[in-house]
Amino acid sequence: MPSTSTPTQNKRQTIDTLIHARWIIPVVPSQRVYENCSLAIDDGVISAILPTAEARHRFSAREEHQLDQQILIPGLINTHNHAAMSLLRGFADDQPLMTWLEKHIWPAEQQWVSPEFVGDGTRLAMAEMLRSGTTTFSDQYFFPEAAAAAAREAGMRAQIAFPIIDFPNAWSRNGDDAIEKGLTLRDDYRSHSRIGLAFAPHAPYTVGDETLKKIAIYADELQMPVQMHLHETAGEVEKALKDTGLRPTQRLHNLGLLSPQMLCVHMTALDDSDIALVQKTGAHVSHCPRSNLKLASGFTPVAKLLDAGINVALGTDGAASNNGLDMLLETNTAALLAKAVSGNADALPAHQALAMATIHGARALGIDDVTGSIEVGKAADLCAIDLSELEQQPLHDPLSQLIYTANGHHVRNVWVAGKLLLRDRRLMTLNEEELRQRVGVWRDRIAGRTT
């Protein structure tokens, strides 16, 4: 590959980090695989992508990594999560969505959710995400102050989508109270390089028109993202039609919410009019295939959405409904499911599935100028994955092997803004033993073994 940096003089340039990889998949440009190439990183930013022999000649690095038989990709981006719900993993499995929510999850949250719960649950989620290659996540949950603090301390990149619900809950009295608290939190993180804020009206059936109108006005004035569960089940759409006479997408469009700042989460029960509205307004879609499958919520028509030019990203949803946060597994499931739903084996090929988990996710969160691909000038948010296992041989196509045989257990190293957060599968900013102890405490509390 040609060098993508400016030549220097004979003296070697001193930089922070050099990473030498057997393969690099930059995502942008699409369908490229660079072999035996290196990344030069300085001050958290990618400064060069070039052949390894040239990199060794031109740069002197304070830290150097040799990734034999590893593939380097942009850090994975999880566009929809309820991180603290990791503490409810396996708590109420094998239930349909509304039964799961009304009979199990909401009562448990009412009893247990607190800043302490959210802090510990978010740290557990981040440990899992880092160990499976995720560098950026969008989180939508109560006590977003605690989630933001945990992400800041751990070094991850995060969009904190503060929840807005019109009735009293663990964090707010009503929609107005939630908006006020969320905007205060936004002010606290206004200048932070890794933490951003977003509005998160929960769903069409928990937020009324007046609150949604206010969110639309604020989002436009402040240029803030909005994220919302939408068209999650056919039942949701049927009830909306009965109650309002409108499909949820049409209602949100009428209220001014569908726009390029809007991320529509789930989107399983869609007809052609819904797809046309999303296309027309430039809204994005977060596809959560494994959660949708487990809750029998329906199938997102990914191939149709992509054919319409709609930006489709990936999310895991929370570990209470998935039950994991492994974005490589999510990407694999998305690729397979798209083929089955469309009836076309060439739907969502490997390179497009990886783009959904990286640059599409960055675009959906409004940070594609910062992350989502391996390009000079972007943040060094990176994931190194081992492709040497026997089960991955023979290796004819590294990109195909990545999507169809790899999972989070193959992730070896993870960087965010050039900082190594996972070194040879060892967490660098989170204490694994302490996490195990804290999770055990919550398990016993929820099970009623302690108070």
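Visitor: What does Ala380 touch, leaving out residues up to four places away in sequence?
Guide: In this predicted model, Ala380 touches Ile41, Gly44, Val45 and Ile46, along with Trp415, Val416, Ala417 and Gly418.

Visitor: And where does Ala380 sit?
Guide: Ala380 is in the loop between helix H14 (359-365) and strand E13 (382-386).

Visitor: Is Ala380 buried or exposed?
Guide: Ala380 counts as buried, at 0% relative accessibility.

Visitor: How far apart are Ala380 and Trp415 in sequence and in space?
Guide: In sequence, Ala380 and Trp415 are 35 residues apart. In space the C-alpha to C-alpha distance is 6.7 Å.

Visitor: Switching to annotations. Which residues does UniProt list with His80 for "binding site"?
Guide: The unreviewed UniProt entry lists His80 with His82, His229 and Asp317.

Visitor: Why say that they gather at one spot?
Guide: They span 238 residues in sequence, yet no two of their C-alpha atoms are more than 12.0 Å apart, so they gather at one spot.

Visitor: Take His80 then. Which strand is it in, and is His80 buried or exposed?
Guide: His80 is in strand E5, residues 76-81. It counts as buried, with a relative accessibility of 0%.

Visitor: What about the "binding site" listing with Glu109?
Guide: For that one, the unreviewed UniProt entry gives Glu109, His202, Glu232 and Asp317.

Visitor: Where is Glu109, and is it buried or exposed?
Guide: Glu109 is in helix H2, residues 97-112. Its relative accessible area is 7%, so Glu109 is buried.

Visitor: Which residues is Glu109 in contact with, leaving aside neighbours within four places in sequence?
Guide: Glu109 is in contact with Met85, Leu88, Tyr141 and Phe142.

Visitor: Helix packing next. How do H3 and H16 cross?
Guide: The axes of H3 (residues 115-131) and H16 (residues 432-446) come within 10 Å and cross at roughly 130°. That makes H3 oblique to H16. The crossing is left-handed.

Visitor: Which residues meet there?
Guide: From H3, Glu116, Phe117, Asp120, Arg123, Leu124, Ala127 and Arg131 meet H16's Glu432, Leu435, Arg438, Val439, Trp442, Arg445 and Ile446. By class, the contact of H3 with H16 has seven nonpolar, seven charged and no polar residues.

Visitor: How about H12 and H15, at what angle do they cross?
Guide: Roughly 95°, with the axes of H12 (residues 327-342) and H15 (residues 398-405) coming within 7 Å. That makes H12 roughly perpendicular to H15.

Visitor: What meets what?
Guide: Leu328, Thr331, Asn332, Ala335, Leu336 and Lys339 in H12 meet Leu402, Ile403 and Tyr404 in H15. The contact of H12 with H15 has six nonpolar, two polar and one charged residues by class.

Methods: Residues numbered from 1 in each chain as written. Predicted model: local features only at pLDDT ≥ 70, side-chain atom pairs only at ≥ 80, totals over all residues. Heavy atoms only, no water. Axes fitted to C-alpha atoms, helices over the stretch in contact; angles between N-to-C directions. Helix = DSSP H or I, 4+ residues; strand = E, 2+ residues; numbered from the N terminus. Parallel < 35°, antiparallel > 145°, perpendicular 65-115°, else oblique. Left-handed = near helix turned anticlockwise from the far one by under 90°. Contact = heavy atoms within 4.5 Å. Nonpolar A, V, L, I, M, F, W, Y, C, P; charged D, E, K, R; others polar. UniProt positions renumbered as here; feature names shortened; annotations may be inferred. Buried < 20%, exposed > 50% of the residue type's maximum accessible area, 1.4 Å probe, protein only.
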